[in-house]
Amino acid sequence: MQLNNRFLDDIAGIANGAAGTFSGIKGEIESMVKQRLERILADMNLISREEFNAVEIMASKARIEQEILQKRIDSLEAKLRNKKPNKKSSKIKPNK
C-alpha cells in the first residue's frame, strides 16, 4: 500500500516538473516569436501610432485651411464677375 502512495507521489512530482518545464519552454517560445515579429515589423519601415496621429492632425488642419482658402477664392471670383468694366480701360488703345 505504501509502495503505491510513494509511486503516485513520484509520478505527481514528475508531472509537476514537466509542467514547470513546459511553462518555461512556453515563455521562451513567446519571447522568440515576439523578437522575430519586432524584427520583421522594423524591416517593413512601418510608422508608429504616434506618428500616424500627428500626420492625421496635420492633414486635418491642411484640409480646413484649404476649405477656407477655397471660399475666399470663390468670393473674389464672384466679385470679379459682378464688377462692371471701366469705360476708361476699354477706350485705351495699345501702343504700336
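The model is predicted, so to speak for local features pLDDT must be at least 70 and for side-chain atom pairs 80 or more, while totals for chains, interfaces and linings use all residues. Residues are numbered from 1 along each chain as its sequence is written, and side-chain values use heavy atoms, with hydrogens and water left out.

Back to Glu30: it forms a salt bridge with Lys26, and the closest N and O atoms are 3.9 Å apart. The cut-off here is a side-chain nitrogen of Lys or Arg within 4 Å of a carboxyl oxygen of Asp or Glu. By that rule the count is one salt bridge. Side chains of opposite charge can pair when their charged atoms come close. Both partners sit in helix α1, four residues apart, about one turn of the helix.

| Residue | Relative accessible area | Class |
|---|---|---|
| Lys26 | 52% | exposed |
| Met32 | 52% | exposed |
| Asn45 | 66% | exposed |

Met32 also lies in helix α1, which covers residues 2-43. It belongs to a nonpolar surface patch of about 980 Å², together with Phe22, Ile25, Ile29, Val33, Leu37, Ile40, Leu41, Met44 and Leu46. Patch members need over 30% relative accessible area and no salt bridge; like charges are joined within 9 Å, nonpolar side chains (Val, Leu, Ile, Met, Phe, Trp, Tyr) within 5 Å.

Then there's Asn45, found in the loop between α1 and α2 (49-82). Its phi is near 55 degrees, a positive value in a residue other than glycine.

Now the whole chain. It has three helices and zero strands, in the order α-α-α along the sequence; these are DSSP runs (H or I, at least four residues, for helices; E, at least two, for strands), numbered from the N terminus. Buried residues make up 0% of the 96 residues. The accessible surface comes to about 9,800 Å², with 59% belonging to carbon and sulfur atoms; areas come from the Shrake-Rupley method with a 1.4 Å probe, and for residues only the protein chains shown count as cover.

As for confidence, pLDDT (the predictor's confidence in each residue, from 0 to 100) averages 84 over the chain, and 82% of the residues score at least 70.

Definitions and conventions
Buried means under 20% relative accessible area, exposed over 50%, partly exposed in between (1.4 Å probe, protein chains only).
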